Amino acid sequence: MKPTLPLCLVEALARMARERPVDRKILVAPTYGVGRELLRQLARRTRGWVGFEVTTLRPLALGLARPAMTADGLQPLDAFDRQALLDEALDGALSSGADSGFGELSEGVGFREAVHSSVVAMRLAAITPRQLRSSDLRDLRKRAFLARVLEWYEGLLRDRRRADEATILSVALRAFDETGPQARANLGADMMFLMPGLGRRGLGGRLLDALEGFGARVLATDPVVGREAPGAVLWRADEPVGALSFLHAP
């Protein structure tokens, strides 16, 4: 017996598969695994599909940004290169005499990972060292130290002509600002779908908004019945969420 279509998400894709059967259709998912499982469910519940292509935000942004990056001589960082550059930035900040007393923790378990994660998160939120120094974070030592590491890291990126994920997203956004529909057309897709629930914060959220503004469609999903949407975890739901709110997230 053929399965029914109880899921709005699958049903939305099935409708597009019927209406535009051979067109190239990009599906932007949080991970490749999630997107492929969704297409597997589509194949099980329908007669199959043609033309869908799963991607995530980073490779999509890289496709948009690559012409400008090539013109600027920028090379993307892989995960290993980024780790090495973050370590170099942290060592540079520690050796500069501005370690704010954190030098003794530099070889401790989890210290480097915590600093690396903070720097990456600030980059993705488009927070500059100047903004961080003028923020209202209570621990002045941590604020000064993180700003110094962030400054070193950004300097290394510029000097080495390397592009981390934040740089790639920024260049992709610039491509949209400068060329508009042409940037969208460069992806070579007839249709683009965004899975619901993709993060809308920082540079990634801005790129998703730009894609939606030029024709990408957010797929419908089933509502959660019987429960209200939760408020923010560590700040009141009725207070505005600022650029530095991620620093207080779990």
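## Confidence of the model

In this predicted model, pLDDT remains under 50 across residues 232-239, a stretch for which the model has ten contacts beyond four places in sequence. A further stretch, residues 243-250, likewise stays under 50 in pLDDT, and for these residues the model has 17 contacts beyond four places in sequence. Where pLDDT is low, the predicted coordinates should not be read in detail.

For the chain as a whole the mean pLDDT is 82, with 79% of the residues reaching 70 or more. When the elements of the chain are considered one by one, the lowest mean pLDDT, 68, belongs to helix α9 (residues 181-185), whereas the highest, 96, belongs to strand β4 (residues 162-163).

## Packing of α3 against α10

Helix α3, which spans residues 57-72, packs against helix α10, which spans residues 202-213, with the two axes 11 Å apart and at an angle of about 65 degrees. Because angles of 65 to 115 degrees count as roughly perpendicular, α3 is described as roughly perpendicular to α10. The crossing in which α3 passes α10 is left-handed.

On the α3 side the contact involves L57, L60, A61 and L64, and these residues meet G204, L207, L208 and L211 on the α10 side. By residue class, the contact of α3 with α10 comprises seven nonpolar residues and one polar residue, with no charged residue.

## Packing of α8 against α10

Helix α10 also packs with helix α8 (residues 165-179), and here the axes come within 9 Å and cross at roughly 30 degrees. Since angles under 35 degrees count as roughly parallel, α8 is taken as roughly parallel to α10. The crossing of this pair, α8 and α10, is left-handed.

From α8 the contact draws on A166, L169, S170, A172, L173 and F176, while α10 contributes L203, G204, R206, L207, A210 and L211. The residues in the contact of α8 with α10 divide into nine that are nonpolar, two that are polar and one that is charged.

## Aromatic pairs

Four aromatic pairs are present in the structure. In one of them, formed by F52 and F193, the ring centres are 6.3 Å apart and the planes stand at 45 degrees, so the pair is classed as tilted. F52 belongs to strand β2 (residues 52-55) and F193 to strand β5 (residues 191-194), and the pair therefore ties together parts of the chain that are 141 residues apart in sequence.

How values were computed:
Residues are numbered from 1 along each chain as its sequence is written. This is a predicted model: local features need pLDDT of at least 70, side-chain atom pairs count only at pLDDT 80 or more; totals for chains, interfaces and linings use all residues. Side-chain values use heavy atoms; hydrogens and water are left out. pLDDT is the predictor's confidence in each residue, from 0 to 100. Helices (H or I, at least four residues) and strands (E, at least two) are DSSP runs, numbered from the N terminus. Contact means heavy atoms within 4.5 Å. Axes are lines fitted to C-alpha atoms, for helices over the stretch in contact, and angles run from 0 to 180 degrees between N-to-C directions. Angles under 35 degrees count as roughly parallel, over 145 as roughly antiparallel, 65 to 115 as roughly perpendicular and the rest as oblique. A crossing is left-handed if the near helix is turned anticlockwise from the far one by less than a right angle, and right-handed if clockwise. Ala, Val, Leu, Ile, Met, Phe, Trp, Tyr, Cys and Pro count as nonpolar, Asp, Glu, Lys and Arg as charged, and the others, Gly among them, as polar. Rings of Phe, Tyr and Trp (its six-membered ring) pair if their centres lie within 6.5 Å; planes under 30 degrees apart count as stacked, over 60 as edge-to-face and the rest as tilted.
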